[in-house]
Amino acid sequence: MRLIIGLAPGLAATGWGIIEASGNRLRHIAHGTVKTAAAAPLAERLVALYDGLVAVIAAHGATEAAVEEVFVNANPQSTLKLGQARGVVLLAAGRAGLPVHEYSTRLVKKALTGTGAAEKAQVQAMVERLLPGIKVTGADAADALAVAIAHAHLRGRPQ
């Protein structure tokens, strides 16, 4: 049995989702979003993100982490801030001693829906289908659960 935390980095909101993977069987454990205050200075936002993720990881005892890779944005400032948030996400998982695996957004979408160009609504629908009985709260948490599910299916396979 593996307890996987999927992480979808963002400065304003980082989604997280935890699943249990036992062979091909998946079970939802928890999901949510760590949010930061837009008006706060960047350093304070990064600290808040780190502290929030450390608390989530500690509360649920994940054994491995799967992180969505950063995509390049049209706005260089936004891309830089996203990269900084992603660094904090990697740091929080690494400091918790979790092995960290990284996946492109396209690969996550393909693993869940069969196409790398799937819309967010399609991905969320597949997350809810693969984890019966849950209603995902928010797009960021859905993305994080999708990363965790993709990792459960792809780990150890060539990408």
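At what angle do the axes of H4 and H5 cross, and within what distance do they come? The tour starts there, after two notes on the model.

This is a predicted model, in which local features need pLDDT of at least 70 and side-chain atom pairs count only at pLDDT 80 or more, while totals for chains, interfaces and linings use all residues. Residues are numbered from 1 along each chain as its sequence is written, and side-chain values use heavy atoms, with hydrogens and water left out.

**Stop 1: H4 and H5**

Select helix H4, residues 120-130, and helix H5, residues 139-154. Helices are DSSP runs of H or I with at least four residues, numbered from the N terminus. The axes of H4 and H5 cross at roughly 60° and come within 9 Å. Axes are lines fitted to C-alpha atoms over the stretch in contact, with angles running from 0 to 180 degrees between N-to-C directions. H4 and H5 are therefore oblique to each other; angles under 35 degrees count as roughly parallel, over 145 as roughly antiparallel, 65 to 115 as roughly perpendicular and the rest as oblique.

Now show side chains. Lys 120, Val 123, Gln 124, Val 127 and Leu 130 of H4 meet residues of H5 including Ala 139, Asp 143 and Ile 149. Contact means heavy atoms within 4.5 Å.

**Stop 2: H3 and H4**

On the H3 side, select Lys 109, Leu 112 and Thr 113; on the H4 side, Gln 122, Val 123, Met 126, Val 127 and Leu 130.

**Stop 3: the largest pocket**

Select Glu 68, Phe 71, Thr 105, Lys 120 and Asp 143, which lie nearest the centre of the largest pocket among its 18 lining residues. The pocket holds about 320 Å³ of space. A pocket is an open set of points on a 1 Å grid over the protein atoms alone, where a 1.4 Å probe fits, with protein on both sides within 12 Å along at least five of seven lines; lining residues have an atom within 4 Å of a point. The volume is the space filled by probe spheres set on the points, which are joined across faces, edges and corners. H3, H4 and H5 each supply at least two lining residues, and H5 gives the most, with 4.

**Stop 4: H1 and H2**

Finally, select helix H1, residues 42-60, and helix H2, residues 76-95, which pack at about 35° with axes 9 Å apart. Among the H1 residues in contact are Leu 46, Tyr 50 and Ile 57; those of H2 include Gln 84, Val 88 and Arg 95.
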